[in-house]
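Trainee: I would like to go through the terms used for this model. Can we take them one by one?

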Amino acid sequence: MTGVLLYNIGKEKLPKIKFILFKLGLSAREVSPAELGHPIGYLAGLEGFAASEAAPGESFSREMLVMCGLSSPQFSAFLNALRQSRCTVALKAVLTETNAGWDSLRLQRELSAEHEALQKVTPKDAEKKSAHKP
């Protein structure tokens with residue numbers, strides 16, 4: 001799959017995001033709550049990944065995007081188009097060898113923790129940690 005997995009995207013944003021993907025020649029796949037236990041690689045249609053037999057024990061309501069197989073120009077164009085259309089989605093990931101074996105619930109937990117940690121960093125903290133300080 002060269003496209004984006006869509007999770008819990010609101011009714012106002014969904015058509016906008018799908019239109020952006022259509023214009024870029026990318027596919028969109030909405031992931032249902034019943035599919036949250038399957039490996040991300042399976043949801044993206046990668047070989048070697050099978051559906052999980054276990055039903056997901058939980059779900060989540062936050063919006064999330066997983067970009068699958070996008071080239072660097074496609075990736076940049078997609079993110080730029082999201083910004084221009086003011087479609088903000090806090091949780092975004094790129095499909096990797098590591099997270100392809102994770103289920104959507106694990107990915108969402110990892111992204112949420114990362115997002116929350118980044119929200120706690122103040123501009124002064126970032127400046128102190130910057131390797132590019134004069």
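**Contacts, rings and strands**

Mentor: Start with the helices: Ile17, Ile20 and Leu21 in α1 meet Phe78, Ala81 and Leu82 in α3. Contact means heavy atoms within 4.5 Å. Helices are DSSP runs of H or I with at least four residues, strands runs of E with at least two, numbered from the N terminus. The model is predicted: local features need pLDDT of at least 70, side-chain atom pairs 80 or more, while totals for chains, interfaces and linings use all residues. Residues are numbered from 1 along each chain, and side-chain values use heavy atoms, without hydrogens and water.

Trainee: What makes the pair of Tyr7 and Phe60 tilted?

Mentor: Rings of Phe, Tyr and Trp (its six-membered ring) pair if their centres lie within 6.5 Å; planes under 30 degrees apart are stacked, over 60 edge-to-face, the rest tilted. Here the centres are 5.9 Å apart and the planes at 35 degrees, so the pair is tilted. Tyr7 sits in strand β1, Phe60 in the loop between α2 and β3, 53 residues apart.

Trainee: Are Tyr7 and Phe60 buried or exposed?

Mentor: Both are buried. Buried means under 20% relative accessible area, exposed over 50%, partly exposed in between (1.4 Å probe, protein chains only).

Trainee: Why is β3 called mostly covered?

Mentor: Five of its five residues are buried.

Trainee: What makes β1 and β3 a pair?

Mentor: Two strands pair if DSSP finds at least two bridges between them. β1 and β3 have five, in the antiparallel sense. β3 and β4 pair in the parallel sense, over four bridges.
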